[in-house]
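Trainee: Please take one part of this model and go through it closely. I would like to know how it is placed and what surrounds it.

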Amino acid sequence: MTAGDQVTQPGRAQRWTTVLNGTRLRELRRQHGLSQEKLADQAGVSRTTVAKLESQPKSPCRCRTLARLAAALAEDPAAISYAGSKADDRDGSHNEDGEH
């Protein structure tokens, strides 16, 4: 499943999904001094959802959930989406070709 994939179920509304970077979500939550429960409350999702998303490096996630979590962290959604955080895998001192 890739960012922007559409999941449909018979008789149900279409749901847009993306891939969330669970490791980055955990890092940002801790940087903001929030527990999983506090982040969940602020984002309007369950603590179980936060725990599940954080437990997987690449976790499928509804776009709406991603947006709520990002807003609760005062971050851009790209900061916690897998597609938006690929550059975070590098130390930031290299350009796209891996050169200094």
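Mentor: Contact here means heavy atoms within 4.5 Å. The model is a predicted one. The part I take is helix α2, residues 36-43. Its partner to begin with is helix α4, residues 63-72: the two axes come within 8 Å and cross at roughly 110 degrees. Angles of 65 to 115 degrees count as roughly perpendicular, and α2 and α4 are therefore roughly perpendicular to each other. The crossing in which α2 passes α4 is right-handed. On the α2 side, the contact is made by Leu-39, Gln-42 and Ala-43, and α4 contributes Arg-68, Leu-69 and Ala-72. Sorted by class, the residues of this contact are four nonpolar, one polar and one charged.

Next, burial within the helix. Gln-36, Leu-39, Ala-40 and Ala-43 are the buried residues of α2. Around the axis they cover an arc of only 100 degrees, so they lie on the same side of α2. What covers them includes α4, together with α1 (22-31) and α3 (47-54). After the helix comes Gly-44, with a positive phi near 75 degrees.

Buried means under 20% relative accessible area, and Ser-59 counts as buried because its relative accessibility is 2%. Apart from neighbours within four places in sequence, Ser-59 is in contact with Thr-18, Val-19, Leu-20, Lys-52 and Leu-53.

Technical notes. Residues numbered from 1 in each chain as written. Predicted model: local features only at pLDDT ≥ 70, side-chain atom pairs only at ≥ 80, totals over all residues. Heavy atoms only, no water. Axes fitted to C-alpha atoms, helices over the stretch in contact; angles between N-to-C directions. Helix = DSSP H or I, 4+ residues; strand = E, 2+ residues; numbered from the N terminus. Parallel < 35°, antiparallel > 145°, perpendicular 65-115°, else oblique. Left-handed = near helix turned anticlockwise from the far one by under 90°. Nonpolar A, V, L, I, M, F, W, Y, C, P; charged D, E, K, R; others polar. Buried < 20%, exposed > 50% of the residue type's maximum accessible area, 1.4 Å probe, protein only. Arc of directions from axis to C-beta.
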